[in-house]
Amino acid sequence: MNEWELEAEIASYYERGGERERLSRNARGRLEFVRMQDLLRRLLPGEGLDVLDVGGATGVHASWLAADGHKVTLVDPVPSQVEVAAQIPGVDAVVGDARDLPCGDAAFDAVLLMGPLYHLTDRGQRVRAVAEARRCARPGGLVAAVTINRTAGWGDYLLFKAGGDDKGISAEASLRVVREGVLQFFDQDLFTTAYLAHPSEVASEFADAGLPGADQYAVQGFPGFIPEMERLIDDESVRAHFLEGLRLIEREPSLIGASNHLLTVAVVPE
Ligand SMILES: C[S@@+](CC[C@H](N)C(=O)[O-])C[C@H]1O[C@@H](n2cnc3c(N)ncnc32)[C@H](O)[C@@H]1O
């Protein structure tokens, strides 16, 4: 096993192919997808950019970024996912790890980490991944990373419990994730080993990677925990209102931790 090899348990979770439909399968996935699109389209620094999508899986985001006119390079450590992504027009896909990116210095206008930080339970390794993203982004370019918030595992547990099936997760185990951040209790059909972070931890890891003063955005916000999400995200007549409301609260410091995912962005110093 080389220094940056993905743990077998995490690799085998993604080798099963679940990422292909994760963001379209249900309303929850569709909310994450439309919000990531909405956020990135507002935050990317221009049109026709060179974008590096690290942890891009089968290319669910690379696909629309390329269709928007960006030149996308996708890096992911799971070869079967990279093979799928490589078929997307306008996307170059290569096997690699966020901690040791196969890219030159300052080669990209934007580097996206939408997944790698979920699975690095060691702070030093998360800082290393952000520092690698910074190295590959040009001065004035953007580094954007998504993390799973510390509250997300407990929120899921409560939704399962309310739905009458706790999936074999004990109440104590669900609280341990809130206390310690490491999620390992889920059965492997639900998710794999993950680190659930407080927003302030992510900002401090960005600073330690040479990106001080990062901005943070709730992706789904607290409305993402509403069980009947279908009625809000799939109903054309209410979706625009729903997304407009999310834009109003996305940077509210008292709310950004109450969201399944958090987006942290920083501009590389000139
Ligand atoms: C939950 S998926 C997210 C996929 C996609 N980026 C999205 O936002 O929907 C997490 C991805 O991160 C990748 N990943 C996990 N550890 C990584 C690492 N150390 N370096 C790069 N990618 C990693 C996995 O292979 C997987 O494709």
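Helix H5 packs, through its buried residues, against strand S1 (50-54), strand S4 (108-114), strand S5 (137-149) and helix H8 (199-208). Here, two residues are in contact if their C-beta atoms, placed from the backbone, lie within 7 Å. Helices (H or I, at least four residues) and strands (E, at least two) are DSSP runs, numbered from the N terminus. The structure is a predicted model, in which local features need pLDDT of at least 70 and side-chain atom pairs count only at pLDDT 80 or more, whereas totals for chains, interfaces and linings use all residues. Residue numbers start from 1 along each chain as its sequence is written.

The buried residues of H5 are Arg126, Ala129, Val130, Glu132, Ala133, Arg134 and Cys136. A residue is termed buried if 20 or more other C-beta atoms lie within 10 Å of its own, exposed if 12 or fewer, and partly exposed in between, with C-beta atoms placed from the backbone. Helix H5 comprises 14 residues (residues 123-136), which at 1.5 Å a residue should span 20 Å, in agreement with the 20 Å between its end C-alpha atoms. The expected span is 1.5 Å times one less than the number of residues.

The largest nonpolar core contains 67 residues, of which Val111, Leu113 and Val143 touch the most other members. Strand S5 gives the most to this core, with seven residues. Such a core is a set of buried Ala, Val, Leu, Ile, Met, Phe, Trp, Tyr and Cys residues joined through C-beta atoms within 7 Å. With neighbours within four places in sequence left aside, the contacts of Val143 include Val130, Ala133 and Arg134, as well as Val111 and Leu211.

Around the ligand are 22 residues, among which Gly55, Ala57, Ala98, Met114 and Gly115 come nearest. A residue is near a molecule if its C-beta atom, placed from the backbone, lies within 6 Å of it. This shell divides into 12 nonpolar, six polar and four charged residues. Ala, Val, Leu, Ile, Met, Phe, Trp, Tyr, Cys and Pro count as nonpolar, Asp, Glu, Lys and Arg as charged, and the others, Gly among them, as polar.

Across the chain there are 10 helices and nine strands. Buried residues make up 43% of the 270 residues. Among contacts between residues at least 6 apart in sequence, 70% join residues at least 24 apart.
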